[in-house]
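Good morning, and thank you for the time.

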Amino acid sequence: MTTTAEPTARELGRARIRKEDARLITGRTRWTDNITLNGMLHIAMVRSPVAHARITGINVDAAKQLTGVVAVYSGTDLDAEQSAIPCAWPINAEATPPRHVSIAVDTVRFAGEIVAVVVARDAATAKDATELVEVDYDDLPPVLDMEEALGDATVIHPDFGSNKWVTFPFDSVAAGATTGPTADEAIAAAEADPDSIVVKRRWRQQRLIPAFMEPRSVVVDPTGEQLTMWSSTQVPHVLRTMLGVSLGLPEHKLRVIAPDVGGGFGGKLQVTPEEILSTLVARRMAKPVKWTETRSESMLSGHHGRDQIQDVTVAAKRDGTVTALKIELTADMGAYFGLFTPAVPVFGAFIGPAIYKFPSYAFVCTDVFTNKTPTDAYRGAGRPEATFAVERIMEELATELGRDPLELREQNWIKNTEFPFTNAGGLTYDSGNYEAATEKATALFDYAGLRREQEERRRSNDPVQLGIGVSVFTEMCGLAPSRLLGALGAGAGGWEHAAIRMLPTGKVEVVTGSSAHGQGHETAWSQIVADRLGVPFEDVEVLHGDTQVSPKGMDTYGSRSLPVGGTAVVKCADRVIEKATKVAAHLLEAAEGDIEFQAGRFSVKGTDKGVSIQEVVFATFLSHNFPEGIEPSLDSEYTFDPENFSFPHGTHLAAMEVDTETGRVSIRKYVCVDDVGSVVNPLIVEGQVHGGLAQGIAQALFEEANYDEQGTLVNGTFVDYTLPSAADLPSFTTDRTETPATSNPLGVKGVGEAGTIASTPAIVNGVLDAIRHLGVKQVEMPCTAQRVWRAIQDAQGGAK
Amino acid sequence: MIPAKFDYVRPSTVEEAVSALQQGGEDAKVLAGGQSLLPVLRLRLAAPSLVVDLGGLAELRQIGEDGDMIAIGAMAAHHDVMRNELVQRHVALLGQATETVADRQVRHRGTLGGALAHADPAGDLGPVALALDAEFVIAGSGGSRTVPASEFFVDYFTTAIGENEILTQVRFPKYTGWGSHYEKFNRTAQAWSMVAVAAALKIDGGTISEARVGLANMSSTPVRATGVEQALVGQAATADAVRAAAEHATEGTDAPSDADAAADYREHLARVLTGRAVLAAAG
Ligand SMILES: Cc1cc2nc3c(=O)[nH]c(=O)nc-3n(C[C@H](O)[C@H](O)[C@H](O)COP(=O)(O)OP(=O)(O)OC[C@H]3O[C@@H](n4cnc5c(N)ncnc54)[C@H](O)[C@@H]3O)c2cc1C
């Protein structure tokens, strides 16, 4: 065996500027829409303007006659080939998902659903022709409200007989995660006990639009031996397999490439109707085709996120000790299932108990169909919802008991000395230090000083009131142990793959199955490998996102890349060293056991004899003088399947100002101390935290996808869908504690979603804390000026 | 997104532009900075057969002094207006309002004339032009005519500019030495106004001797808050006096209700923001 000391950390922990930035920021790179192929045809989609209707006729004649139009297809033309869009995680073995068609055949079920496909010689003509396609609709009543949908007055998928799909239950006792009373029993007991308190609240997680920067685009080239698809996707590997399975194409005849991809936030974790239809059209035409969406098309038809009603109950002793938590969700699936639709809210089941020692816990999620765009993964996927539920209810409990919210949390959280700890959701948290993160955060925030200021402003009746919002969170990252996914009915494993190729000149190619779309893998992976192999950072190239280059992978989502994919890279580098040690021993005429590897050099213990890794690589390339019985290659592969999730945590504090005269909310100060374990590149971590905060704050204050009574999305452009910009956000104070994860050799936990998960409840708690003394109990998200002003008016009116 | 097909001309004189419009007929559209027109074309809310680009008319970018007026060419970009020294000295309110328009990129492309001709009731420059009694110089086949601000704004997206006419210049009287402030309230930092108040005051010896107040997005056109103006004149600029005057802010308004704000909330905002704008203008 190799006797490697831990690699010298020259790169790990270094705040390198990302090597991919220059090309990504200038856009001078391979976006899918930049790809042009000889003879390429262009596709434009005709989409339903109505939410629910029977299609009684489609007339494509005028469109077909436009010069430059090559073909126009309706659902009837393509139905025999289109099969169905797969759902990879139906969470319930007994229930089958409704057939999710790529193009509607006789019924449309959401506004934005594709009803016809136009193929033309150029994109402008294709677009012109969409306006000439005439579709007759016979309106059906749109089902838009989740709770009304459960009444089944109109059933969206008649073969199912109901708009309710399934109910997913979790009970900590049944699951063996806790002993003692069930959550229902504990809540009933608390209700009957004068020394206990039960707090029950209802909140809405509004519908959000992922709003990635690069609109989606697909190019399909059917002219080679393999059919090649370029797609602006997060999941080229998943897409290849799913495409093969759903269209009956042999997988080895498919190559999928995700070139540079401009963001996804979960919105490109999908197998889309457009990818299926582009494939069908390319095959029919035997020519390359391209489809690129417009921004409005993207907002209307790309999957949406969140959209739940949450009924949350907490029981506690009057001294503040929590005794039970129950989370009941009603989740809007939209009209169909995408890749992970029903699984998204269910992620929350396991992390629901969060940082707390709930002795009893229950979770139940009811999945409902509506005539809206399907929902699916959006940054955090299930965990922001669960974290909101628990951090809001803990705030309410603190208020009811008249306790400081941080102190009440500390009373109930898992102490640093109690790790590893199995929560009531059955997850075993390997490590954590909530005390350290909280101590650092409160100091940076000046918690005591701001509390004093809050008091003063209340006393002086200042028109601008101050509130302090708290959120102490944990989440599960590093999707995921395969056996666990299997037990939950997922259609895939949770491993990740890496390969390292040692080139003759000593340069290194790292192949990863993670598929970066803006995260900075190329830089981080290079840093890891540079340290591990002792080669210069510049000598490492990271290859990804092409099933021909990186044939194995589970792609990027769920903050899995570094804990899972990064670990695969580490293990793979170790294999390279293991192989190289044998060669070095041979070259140095020493016993393998006497070889030491450090900082890129193999040396014989206790001597000054040694060879560099580059020399070993070159000797292997030549193979002139090579040990017998050993394969002349140092190239290695590794597939890593994590033993456990990783559990980042942190303490987020928001000082919120509310102008009580106008209702305007602004963030005076935002401090977060995140513990994402060991840090490979602090600059990338910082970037992920900032972006995550912006999106979480956006849910709290700015964003909401609105539908009218007809089921039309009314704010599907950037003019009306109010995304915040840097000008709407404060300068964040971000800091870290580093409690390494024990489940992977890097000690990393994942940071892609932390900011989004933690910040939403911190902001809302802060808004309420500023105006609760005025009688306000609740403000729905997003907490717009108008909503806050009305809440104050209503509360004051009620008091008069 | 791709606009429908159109023809395009880029004339080099106002006369040529006017005759191009005439030949283009009903379907011709003028292009200034394109910040409002291009989105409309790309969303296919309009499909003109001809676009007449005023980008070649350098003369329409001039900002100059003309007696006791400041004359601003219709094609002066927002950025150039707000940075102009004459504007800052004599029509400070216009500069202040222009600074709140959209973001840097839009302010470099969008023009004063384009914004006023577009006449979005949420626009920030309409209430300024109205409150400050600007004059609009409009060129047609028969030469130029001048329209006072009180007659320029007709309805939603509708002005006194006729078919085949071009707005060439906007003229502002000088308000040298006046205090002014533009108070804008929006959903996100760089968005259109939910409600905004433009205020300019002349204060002599602690007393308000003249007042100009205009409101954005409180009706189908910008609104001049004459009730507020009258209530202010002769008052000392104290918080109480200003607040009392601001109660008149909703007179003559017809506030719209939309997803951002219902009418009653807009009315409330108009009063609060008027108070704030006037107090800030008083310094
Ligand atoms: C993201 C964004 C945010 C914005 N936010 C704001 C804001 O906060 N406040 C605000 O006030 N505005 C805002 N605007 C609008 C901005 O001020 C535009 O510049 C303005 O409305 C139009 O000016 P333009 O020069 O771009 O005109 P164009 O878009 O070229 O033209 C607009 C219309 O006016 C007509 N027109 C233009 N010039 C003339 C002329 N000389 N004679 C006759 N007709 C003419 C055109 O035919 C067209 O119908 C925003 C725009 C964008 C894109």
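This is a predicted model: local features need pLDDT of at least 70, side-chain atom pairs count only at pLDDT 80 or more; totals for chains, interfaces and linings use all residues.

Domain 1 and domain 2 of chain B bury about 1,200 Å² between them, and carbon and sulfur atoms give 75% of that area. Buried area here is the accessible area, taken with a 1.4 Å probe, that two parts lose on being put together, summed over both.

Residues are numbered from 1 along each chain as its sequence is written, chains are lettered from A and ligands numbered from 1 in the order in which they are written, and side-chain values use heavy atoms, with hydrogens and water left out.

The bounds of these domains come from an automatic or database domain assignment. For chain B that assignment gives domain 1 (7–55), domain 2 (63–173) and domain 3 (179–282). The C-alpha centres of domain 1 and domain 2 of chain B lie 19 Å apart. Their contact, meaning heavy atoms within 4.5 Å, takes 14 residues from domain 1 of chain B and 15 residues from domain 2 of chain B.

How many salt bridges does the rule find across this interface of domain 1 and domain 2 of chain B? The number is 0, where a salt bridge is a side-chain nitrogen of Lys or Arg within 4 Å of a carboxyl oxygen of Asp or Glu. The rule for polar contacts finds 1 residue pair there, both at pLDDT 80 or more. A polar contact is a pair of N or O atoms within 3.5 Å; within protein, one must be able to donate a hydrogen and the other to accept it, and residues adjacent in sequence count only if both atoms are side-chain atoms.

Helix H1 (residues 14–24) of chain B gives the largest share of the side of domain 1 of chain B that touches domain 2 of chain B, namely 5 residues. Helices (H or I, at least four residues) and strands (E, at least two) are DSSP runs, numbered from the N terminus. By class, that side of domain 1 of chain B has 7 nonpolar, 6 polar and 1 charged. In this scheme Ala, Val, Leu, Ile, Met, Phe, Trp, Tyr, Cys and Pro count as nonpolar, Asp, Glu, Lys and Arg as charged, and the others, Gly among them, as polar.

I turn now to chain A. Its assignment includes domain 2 (32–140 + 213–263 + 268–301) and domain 3 (141–208 + 303–403). Domain 2 and domain 3 of chain A bury about 2,500 Å² between them, 67% of it on carbon and sulfur atoms. In domain 2 of chain A, the residues that lose the most area to domain 3 of chain A are A:Ile91, A:Pro98 and A:Arg109, together 26% of what that side buries.

Across this interface of chain A the rule finds 0 salt bridges, whereas 14 residue pairs are in polar contact, both at pLDDT 80 or more.

Lastly, the two chains together. Chain A and chain B bury about 2,000 Å² between them, with 53% of it on carbon and sulfur atoms. The contact joins 25 residues of chain A to 22 residues of chain B. Here the rule finds 5 salt bridges. In one salt bridge the side chains of A:Asp128 and B:Arg44 meet at 2.7 Å, N to O. The side of chain A that touches chain B has 10 nonpolar, 7 polar and 8 charged residues.
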